[in-house]
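Here are some notes to read with the model open next to you.

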Amino acid sequence: MKKTIALLMIVMITISIAPISYALSGQEANTYEGLPTYNELYNNINFIDIKNHWAKDSIYRMSSLSVIKGDGYNKFYPDSTLTREQAIALLVRLLGLSSQAQILGEDSIKNVDTAGYKILTPNDYWSRGYIDAALQNNIITQEEVDNILTLTEEEQNNLELEVEKNIVSYEINPNLTDDQIKNIENQLREKIEKKYTWKKPVDREQVAIWVSRVLNLKPIYGQSQQKIYNLKDWKKIKTKNIPIIEALLQRGIMKGDDRGYFNPKGHLKRAEMAKLLDNIFEDFLLKQGYKIGTGLVERIDKNYQIDENTTIEKKIFRIRDDKNNILNFITQESETDIYDRGFLVYKNGKIAKHNELSEYDYIKYYINPQNNVVFVEGLNDIPVLLEGTVEKVGDNQITIKDYSEGVHSFNIISGVDIRVNDNKAELNDLLYGQDVTLTISGGKVTKINGYIDIEKEGYIHPGDRIFVGKVLYIDSRDNKLTLLKDNSKYEFTIKPYVPVIKGDVSINLNGIKEGDIVKLEFDQYEGNVPIKVSVYTDGRQFKNIFKGKLNFVNLGRNEIILNDVYYYKHAKWLYKDENIKIPLNSDVEIYSDGLNVSKENLKQYLGKEVYLVTDEKYGREAAFKIILKNGYERDYYNSIQNIAYGQNKIKVDYNEIYYDDEETIIIKDGRVVHPYNLNEGDNIYVISQGKDKYTAALISVENIPHSGLVIYRGRIDEIDQYKFELDDYDILEDNDWDFSTRQISFDISEDTRILDTRGSSPVEVPVSDFIKSRFLKGKHSVKSYYGKYAYVVKYDSMAIAMNIVDKKTRPKIITVADVDNVDKLSKLISLKNIKDWNQLKDIWNINPATFNLDVSKALIIKEGRNVTINDIQIGDSLYILRNNNVGYIVVVR
């Protein structure tokens with residue numbers, strides 16, 4: 001199984017002792033019922049022949065989700081070979097096309113007179129349908145079908161012999177006409193022929209090709225081919241199939257056996273196919289509209305109701321997912337089967353029904369497009385961390401209050417590991433109000449880490465005081481960070497030595513973006529200087545913003561169709577297509593005139609114009625917010641003159657425009673952000689809609705984020721040991737050059753890159769040569785750098801790069817653009833989405849041209865370091881100082 005969740009996570013839980021309700025106080029819960037057919041599903045997949053099989057996890061998971069089926073008699077036959085027909089059916093079913101396949105099969109039925117004999121069964125007709133569906137959806141090609149249907153001379157003779165043998169029992173019936181016998185013979189031939197065609201075992205290489213088409217994988221060629229050559233029998237794979245099998249190997253979807261053989265012509269077993277499907281199934285369920293998530297079972301409530309003299313036992317499983325949302329899973333049990341609803345649970349290596357689920361189980365759940373809970377998997381081998389303060393300890397039980405004021409009680413395992421300030425301790429050493437972190441596994445506490453202050457007054461254990469908030473502003477020049485929490489602003493000073501961690505990577509302060517969630521850790525009770533900063537991205541990254549008319553809503557497939565579609569790009573609406581199909585995210589938000597609209601009511605708005613924003617997960621693009629247009633549209637492209645956060649309005653071009661925390665799509669630096677990320681002076685593009693009162697549907701902040709670097713230009717004056725000065729220098733601030741008649745001093749190091757670009761070919765200047773040139777002062781020498789014009793890039797307190805230029809050809813244009821292509825040999829970068837700074841109007845002008853930037857004379861800076869063109873990737877955003885198409889300073893933002 002692909003575990004996409006962290007091994008350790010902090011789950012904030014709130015448990016109520018109030019009577020049963022479907023939502024916690026102050027938080028609405030989403031409610032989902034179980035399947036009415038869960039008992040039948042359980043009976044069908046409670047296989048007796050896989051209890052100790054290596055693939056049982058995959059088999060139970062895939063069969064619980066009806067991707068695969070058993071072979072009757074409560075058996076799966078895991079080590080039986082898979083047929084071509086079965087492999088095709090499984091892949092069609094994975095794509096959610098079973099209904100289409102069955103309809104195609106039923107449509108292929110011809111009213112043929114066989115005198116009432118049933119030669120072909122429903123499975124035979126559906127088999128036709130699955131093959132046709134596979135053809136229509138590019139799983140299999142017509143050439144492959146023809147090859148499968150082509151029999152050898154021996155096979156053809158054996159087929160005819162079998163047909164003749166079987167038709168005899170019908171020919172002796174005197175009541176059958178010649179036409180009836182002929183029809184029976186044709187159907188017998190079709191049925192028997194499958195033994196030589198579709199019911200033959202499928203080989204591994206063929207399945208690999210079919211799976212690659214389902215996944216729409218791109219073949220891998222050239223030097224990128226690596227894994228295929230680790231297989232001892234790679235030469236037995238067809239040449240044309242090697243690139244696509246390489247792609248499967250690199251994705252970990254298929255692999256060789258323990259001896260290093262791929263065995264391309266070997267037969268695939270049913271268990272192996274179950275494992276293969278288990279490697280890829282989640283993306284396809286999401287495309288079909290499934291909701292998949294993980295969370296903790298907070299509470300299980302039970303009540304009873306009587307309906308038509310039948311007692312119904314109802315259970316409410318209250319789940320808090322990893323996004324802190326509340327979900328209620330509802331099950332029902334009764335002596336009358338029509339009232340039963342439930343779901344299957346795979347827990348501790350056994351398949352069971354929902355009653356096996358316990359409080360504090362950590363689970364993964366699957367909810368189908370009809371909003372039925374289908375399958376829940378216990379993940380109790382993954383520990384969960386819970387932080388809080390001690391409320392009560394005793395009788396092998398502990399009660400704590402989390403930092404959201406939720407109170408929780410847990411049983412403690414025997415021999416639990418207890419530490420206080422990393423020292424071994426006993427349960428009775430824990431004190432009321434003491435900070436603790438519990439490790440919970442299987443609903444019980446397996447470890448307790450306690451903390452207590454034993455240091456000097458004012459000092460606390462590092463990390464005991466934390467502050468979590470959303471980033472509003474970053475001032476990397478003064479090392480200031482402004483955070484938003486509970487609608488209030490807080491400013492902190494981030495010293496240069498303070499580690500800033502994003503994921504597992506240490507970054508600079510300018511690596512934080514507005515909209516990020518950060519956690520600050522302190523070693524003082526008071527003060528605004530943290531000892532550590534951890535960054536969690538929040539402002540949701542988006543893929544596209546569209547507008548168009550709502551043409552069709554398909555809740556079964558969880559998707560909509562828009563016509564007359566435009567997409568937002570570069571402060572413009574560009575025509576996309578006449579019609580496009582857009583899937584909906586499971587958590588899609590829909591708004592109309594300030595009110596939330598459910599997906600089920602979306603059909604009422606057919607023909608209405610909408611604005612929507614999409615994201616992309618696992619290669620699937622889907623809408624996560626939809627705004628239904630009301631009234632008329634206006635647009636503005638200018639700076640914010642005034643912003644009133646309390647009144648939710650901004651002034652642009654002397655027009656007051658309202659915004660809504662939820663109904664307005666606000667984008668900045670490639671992400672959807674909070675309205676508090678808007679600032680006076682921001683250069684924005686606004687789409688508003690309404691009649692008397694105009695509300696923004698879209699606000700796009702077109703500012704260019706600060707790079708964290710400071711750029712100077714001027715003449716080199718004094719040069720000293722690891723120091724130099726610039727005379728009459730300019731400093732680049734807010735994209736404008738600010739002139740100073742003074743001198744400024746810079747420190748340099750052996751890491752400083754110095755480039756002399758005065759000639760036709762750039763020259764790398766060693767730092768030692770630059771320093772030694774101070775002895776050439778006053779002499780006419782090409783190696784003397786006194787009086788030469790230079791651009792200096794400063795980061796922190798160090799000059800990290802310097803470009804010595806010819807003043808006549810110095811860079812005069814400031815540009816931002818995205819990388820479209822990189823030619824590393826020619827040192828050319830193709831640019832798109834180009835904006836040039838207009839100094840007179842203080843605005844970014846859109847440059848409709850596309851051109852190749854020559855970076856052979858450029859200093860290239862990324863994350864405060866000197867890099868080369870090899871470190872620039874397609875899609876990178878660049879800040880450029882250029883002269884025509886020659887770049888002199890390029891900052892990867």
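**Notes on the model**

1. Start with a strand pair: Ile 466 stands opposite Glu 521 in β20. Strand β20 (residues 517–522) runs antiparallel to β15, and six bridges hold the pairing. Helices (H or I, at least four residues) and strands (E, at least two) are DSSP runs, numbered from the N terminus, and two strands count as paired if DSSP finds at least two bridges between them.

2. Before going further, some housekeeping. This is a predicted model, where local features need pLDDT of at least 70 and side-chain atom pairs count only at pLDDT 80 or more, while totals for chains, interfaces and linings use all residues. Residues are numbered from 1 along each chain as its sequence is written, and side-chain values use heavy atoms, with hydrogens and water left out.

3. Lys 470 has Leu 484 of β16 as its bridge partner. The two strands make a hairpin with four residues between them, and Asn 479 in that turn has a positive phi of about 60°.

4. Strand β17 (residues 488–493) pairs with β16 in the antiparallel sense over six bridges, and Leu 481 has Phe 492 in β17 as its bridge partner.

5. Put together, these strands belong to an open sheet of seven, in the order β17-β16-β15-β20-β21-β18-β19, with mixed pairing. Which strands stand at the edges? They are β17 and β19 (505–507), each with a single partner strand, so one side of each has no neighbour in the sheet. From one strand to the next the twist averages 40° (axes are lines fitted to C-alpha atoms, for helices over the stretch in contact, and angles run from 0 to 180 degrees between N-to-C directions). As background, strands of a sheet pair through backbone hydrogen bonds, either parallel or antiparallel.

6. On to charges: the whole structure has 35 salt bridges, each a side-chain nitrogen of Lys or Arg within 4 Å of a carboxyl oxygen of Asp or Glu. Lys 194 and Glu 85 make one of them, at 3.4 Å from N to O. That pair links distant parts of the chain, 109 residues apart: Lys 194 sits in the loop between α8 (178–193) and α9 (204–215), Glu 85 in helix α3 (residues 84–94). Are the two buried or exposed? Lys 194 is buried at 7% relative accessibility, and Glu 85 is buried at 15%. Buried means under 20% relative accessible area, exposed over 50%, and partly exposed in between (1.4 Å probe, protein chains only).

7. Lys 364 and Glu 282 form a salt bridge too, with their closest N and O atoms 2.3 Å apart. Lys 364 belongs to strand β7 (residues 362–367) and Glu 282 to helix α11 (residues 270–287), 82 residues apart. Lys 364 is buried at 4% relative accessibility, and Glu 282 is buried at 11%. Elsewhere, Arg 61, Asp 278 and Glu 377 are linked in a network of salt bridges.

8. The largest nonpolar core has 73 residues, and those touching the most other members are Ile 59, Leu 65, Ile 68, Val 92, Trp 210, Val 211 and Leu 277. Helix α11 gives the most to this core, with nine residues. Apart from it lies another core of 24 residues, including Trp 837 and Leu 881. A nonpolar core is a set of buried Ala, Val, Leu, Ile, Met, Phe, Trp, Tyr and Cys residues joined through side-chain atoms within 4.5 Å.

9. Click on Trp 210: leaving aside neighbours within four places in sequence, its contacts include Arg 84, Ile 88, Ile 139 and Glu 144. Contact means heavy atoms within 4.5 Å.

10. Thr 614 is in strand β27 (residues 609–617) and is buried, with a relative accessible area of 0%. Not counting residues up to four places away in sequence, Thr 614 touches Phe 542, Ile 582 and Phe 624, among others.

11. Last, the record: an unreviewed UniProt entry annotates "domain: SLH" over residues 42–105 and 228–291. UniProt positions are given in the numbering used here, feature names are shortened, and annotations may be inferred rather than shown by experiment. In the model, residues 42–105 are 50% helix and 0% strand, with end C-alpha atoms 28 Å apart; residues 228–291 are 42% helix and 2% strand, with end C-alpha atoms 35 Å apart.
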